[in-house]
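Work through the exercises below with the sequence and the model side by side. Each task is followed by a solution in steps.

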Amino acid sequence: DGCGHLVTYQDSGTMTSKNYPGTYPNHTVCEKTITVPKGKRLILRLGDLDIESQTCASDYLLFTSSSDQYGPYCGSMTVPRELLLNTSEVTVRFESGSHISGRGFLLTYASSDHPDLITCLERASHYLKTEYSKFCPAGCRDVAGDISGNMVDGYRDTSLLCKAAIHAGIIADELGGQISVLQRKGISRYEGILANGVLSRDGSLSDKRFLFTSNGCSRSLSLDPDGQIRASSSWQSVNESGDEVHWSPGQARLQDQGPSWASGDSSSNHKPREWLEIDLGGKKKITGIRTTGSTQSNFNFYVKSFVMNFKNNNSKWKTYKGIVNNEEKVFQGNSNFRDPVQNNFIPPIVARYVRVVPQTWHQRIALKVELIGCQITQGNDSLVWRKTSQSTSVSTKKEDETITRPVPSEETSPGVNITTVAIPLVLLVVLVFAGMGIFAAFRKKKKKGSPYGSAEAQKTDCWKQIKYPFARHQSAEFTISYDNEKEMTQKLDLITSDMAG
């Protein structure tokens with residue numbers, strides 16, 4: 001089998017030769033048939049092709065459909081970077097003979113629904129536009145190549161785009177998806193973090209960096225230590241002074257200083273599963289979780305992997321499963337007691353209660369957690385932008401300050417909005433002028449004085465009614481309050497600022 005990395009989904013995927021980007025083996029054959037939904041055309045993009053043979057006699061890459069053949073390709077010949085086929089199915093054949101060097105190939109594919117398909121090897125430095133959108137195929141997470149930075153500060157422009165999008169929680173590796181990229185001025189240092197199975201590295205000064213836009217549902221969900229967090233068990237240790245130290249579930253908030261929650265059982269083979277349970281007080285949309293270990297240098301405890309359970313009122317616990325295989329999804333946890341790790345839920349969890357259920361750990365189960373998500377509300381009443389750099393079009397006085405702008409709900413057509421405003425407007429104008437006519441008629445009948453006050457006062461009152469005919473209606477219908485940030489959901493936001501504090 002000369003095939004290497006292979007990830008396929010319904011309408012996209014990634015495929016490489018064996019050992020890529022190392023030297024492919026001698027005398028091997030890789031043959032796979034890839035498909036997209038019927039009725040769609042297949043797009044193939046070659047990210048890399050390095051085959052030693054110059055004649056394609058024994059080393060080559062070939063694409064064959066029911067009606068056409070593309071290739072064979074090898075050596076230094078000119079190879080099209082993109083092929084748009086007239087079919088939804090093609091067989092990929094890679095064959096090797098005796099050779100000394102050569103990386104082989106890296107191929108991505110998608111259906112014709114995604115003409116902006118890129119490969120896993122594209123970097124932000126390959127693009128000049130300050131804003132653009134591309135489609136990442138499934139399977140880019142484990143392709144060799146570095147990224148530097150994080151979802152808060154952004155990524156160094158030398159980072160792989162699709163790998164960074166997986167790291168930031170914009171797309172899932174097994175699905176691929178559309179990414180929207182913003183290019184900004186670089187910063188002096190990029191801080192790496194482990195997220196979604198991808199380790200980003202620290203990076204040095206660069207001229208440019210990039211960020212991703214998101215739907216805004218990535219704020220910290222507040223956790224109340226009193227009553228909202230409980231666990232299957234907790235540990236009590238004794239410090240050097242002989243005092244007891246409680247590692248209770250109330251200490252599991254990631255933002256809090258001091259020891260974490262730790263389970264009472266430190267064995268690695270106990271049958272009853274330990275768990276940490278969080279009650280969010282109501283149904284929430286949960287898009288991710290951040291975890292740390294004990295955070296205490298003299299207690300090297302941390303959870304290496306875990307699964308997520310969730311439920312609502314009067315329902316049974318369910319286990320979060322992967323989309324592709326519908327099996328229990330095991331999330332990669334921490335690799336030390338100190339550094340935070342992030343995992344995103346694609347699709348999100350919608351629940352009131354969630355449980356983190358450790359699967360493997362180092363020495364003893366110890367956890368601090370922060371849930372990421374938003375409230376569930378109807379409609380999308382505003383756009384929220386957060387400041388990311390001086391070049392951002394919306395400026396704010398403080399880094400964490402938001403600006404809200406009312407916009408029509410996506411579910412309400414413009415015609416309905418106009419009608420809602422126009423009908424009360426016409427009725428009120430008619431009533432005002434009718435009142436003026438009645439007043440004029442009474443005035444003619446009266447020879448002296450007026451039970452309604454002076455003429456000057458009457459003019460003033462009428463002017464007030466004409467000048468502010470919709471004051472009450474406007475106050476009731478058009479004033480939108482965002483005093484409570486928890487009520488703002490489903491907003492377009494820069495992921496860098498959504499993840500911040």
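## Exercise 1: a serine in a strand

Ser237 is found in strand β21 (residues 235-238). The model is predicted.

**Task.** Is Ser237 buried or exposed, and which residues does Ser237 touch?

**Solution.** 
- Step 1. The relative accessibility of Ser237 is 6%. The cut-off for buried is under 20%, so Ser237 counts as buried.
- Step 2. Leaving aside residues up to four places away in sequence, Ser237 touches Asp243, Glu244, Val245, Trp247 and Phe299.
- Step 3. With Trp247, the side chain of Ser237 makes a polar contact of 3.0 Å.
- Step 4. Trp247 and Phe299 also belong to one aromatic cluster, together with Trp235 and Phe301.

## Exercise 2: an aromatic pair

**Task.** How many aromatic pairs does a search of the whole structure find, and what is the geometry of the pair formed by Tyr320 and Phe331?

**Solution.** 
- Step 1. The search finds 17 aromatic pairs.
- Step 2. The rings of Tyr320 and Phe331 lie 5.9 Å apart, centre to centre, with 40° between the planes. Planes under 30 degrees apart count as stacked and those over 60 as edge-to-face, so the rest are tilted. The pair of Tyr320 and Phe331 is tilted.
- Step 3. Tyr320 lies in the loop between β26 (318-319) and β27 (331-332), while Phe331 is in strand β27, so the pair ties together parts that are 11 residues apart in sequence.
- Step 4. Tyr320 and Phe331 are both buried.

## Exercise 3: the open sheet

**Task.** In what order do the 5 strands of the open sheet follow one another, and which strands are at the edges?

**Solution.** 
- Step 1. The order is β1-β2-β9-β4-β7, with antiparallel pairing.
- Step 2. β1 (3-8) and β7 (82-84) are the edge strands, each pairing on one side only.
- Step 3. From one strand to the next, the twist averages 15°.
- Step 4. Within this order, β2 (residues 12-17) and β9 (residues 104-111) run antiparallel and are joined by 5 bridges. Ser12 has Ala110 in β9 as its bridge partner.

## Exercise 4: the partners of β28

**Task.** Which way does β15 run relative to β28, and which way do β24 and β25 run?

**Solution.** 
- Step 1. Strand β15 (residues 194-195) runs parallel to β28 (residues 341-362), with 2 bridges between them. Leu194 stands opposite Val341.
- Step 2. Strand β24 (residues 276-292) is antiparallel to β28, and 11 bridges join the two. Here Thr291 stands opposite Val341.
- Step 3. Strand β25 (residues 302-311) also pairs with β28 in the antiparallel sense, over 9 bridges. In this pairing Val303 stands opposite Trp361.

## Exercise 5: confidence along the chain

**Task.** Where in the protein chain is confidence lowest, and where is it highest?

**Solution.** 
- Step 1. The chain averages a pLDDT of 80, and 73% of the residues score at least 70.
- Step 2. Confidence is lowest in strand β30 (residues 382-386), with a mean of 31, and highest in helix α1 (residues 161-167), at 98.
- Step 3. The pLDDT is below 50 over residues 379-421, a stretch with 70 contacts in the model beyond near neighbours in sequence. It is also below 50 over residues 444-501, where the corresponding contacts number 89.
- Step 4. Where pLDDT is low, the predicted coordinates should not be read in detail.

Note on methods: Residues numbered from 1 in each chain as written. Heavy atoms only, no water. pLDDT = per-residue confidence, 0-100. Helix = DSSP H or I, 4+ residues; strand = E, 2+ residues; numbered from the N terminus. Contact = heavy atoms within 4.5 Å. Pairing = 2+ DSSP bridges. Axes fitted to C-alpha atoms, helices over the stretch in contact; angles between N-to-C directions. Buried < 20%, exposed > 50% of the residue type's maximum accessible area, 1.4 Å probe, protein only. Polar contact = N/O pair within 3.5 Å; in protein donor to acceptor, adjacent residues only side chain to side chain. Phe/Tyr/Trp six-rings, centres within 6.5 Å; stacked < 30°, edge-to-face > 60°.
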